[in-house]
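Hello,

Here is the structure I promised to pass on. Have a look at it first, and then read my notes below.

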Amino acid sequence: MITEGPGDALTSAIAIGFDTFGIRGAGLAANPAVITEVADMLGDREAVIAGDGGPAGRRFAVMLADALVALEKTVRVLDLPDGMDLTDWRAQDPAKFQRAALRAIAEAPAVKSRAAALLAWDEERYSLTDLGGARYLRDYMESIGSGVRYSEETGFYLLDEGVWREDDRQAVRTHAQAVADLVKDLAKDASELAQLDGATKDDKARAARLRPATAAITTGPTASYR
């Protein structure tokens, strides 16, 4: 198991009984040296990623899963509730934790490269609407250590080292463009998946949901949700 931080690594190793790697912070999940080291330690074993519940933890899981899948590793991701990590989960019911965790791991599907990207947009958290896009953008900003606020009088503000600063470089628009591009990529992948032999009803339904969402996005230097 791969966890976000040493505390959860101990919980995994002692309470579940898994060999565990603890990564100190979500930011290191994108570090090539860390990815290489984790992949080498995994060898032929399957990886189970348990990031914290919340924007930063989900970003940790997405980045790490995507990188490991690219190295042809088998990966499963535990999706923990918002505000909860592995240790918090155990604290709820220590006697039943191991069995519940093993069941959740067994039920978590193996992540494929396309599925790793889809983890970045959970439709239960972010509906394919203007509001869903705005919430995703907000949580994305928080996951990279910033934050975003808007004032009708002066525009967007970003949180920078604990201080709210006016977004005079239009960073929010840049990130909004990235969100728009993500939805376009998801729609393209979903459409391709829906056309494959053996595509499920869920695959086809997701493609149908993503098509109008893509049409609602204005792309370009000032991408936004209409």
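**Strands and aromatic pairs**

In S4, the residue that forms a bridge with isoleucine 49 is valine 77. Please keep in mind that this is a predicted model.

Let me start with the strands. Isoleucine 49 belongs to S3, where isoleucine 2 stands opposite it. Strand S1, residues 2-4, pairs with S3 in the parallel sense, over two bridges. S3 also pairs with strand S4, residues 75-77, again in the parallel sense, but here over three bridges.

What about the two faces of S3, residues 47-50? Both are covered. Ala47 and Ile49 lie on one side, Val48 and Ala50 on the other, and all of them are buried. As a general point, side chains in a regular strand alternate between the two faces of the sheet.

Now to the rings. How many aromatic pairs does a search of the whole structure find? There are two. In one, the ring centres of tryptophan 89 and phenylalanine 97 are 5.2 Å apart and the planes stand at 90 degrees, so this pair is edge-to-face. Both tryptophan 89 and phenylalanine 97 are buried.

The rings of tyrosine 150 and phenylalanine 156 make a tilted pair, because their centres are 4.8 Å apart with the planes at 55 degrees. Tyrosine 150 counts as exposed, with 54% relative accessibility, while phenylalanine 156 is partly exposed, at a relative accessible area of 32%.

Terms used: Residues are numbered from 1 along each chain as its sequence is written. This is a predicted model: local features need pLDDT of at least 70, side-chain atom pairs count only at pLDDT 80 or more; totals for chains, interfaces and linings use all residues. Side-chain values use heavy atoms; hydrogens and water are left out. Buried means under 20% relative accessible area, exposed over 50%, partly exposed in between (1.4 Å probe, protein chains only). Helices (H or I, at least four residues) and strands (E, at least two) are DSSP runs, numbered from the N terminus. Two strands pair if DSSP finds at least two bridges between them. Rings of Phe, Tyr and Trp (its six-membered ring) pair if their centres lie within 6.5 Å; planes under 30 degrees apart count as stacked, over 60 as edge-to-face and the rest as tilted.
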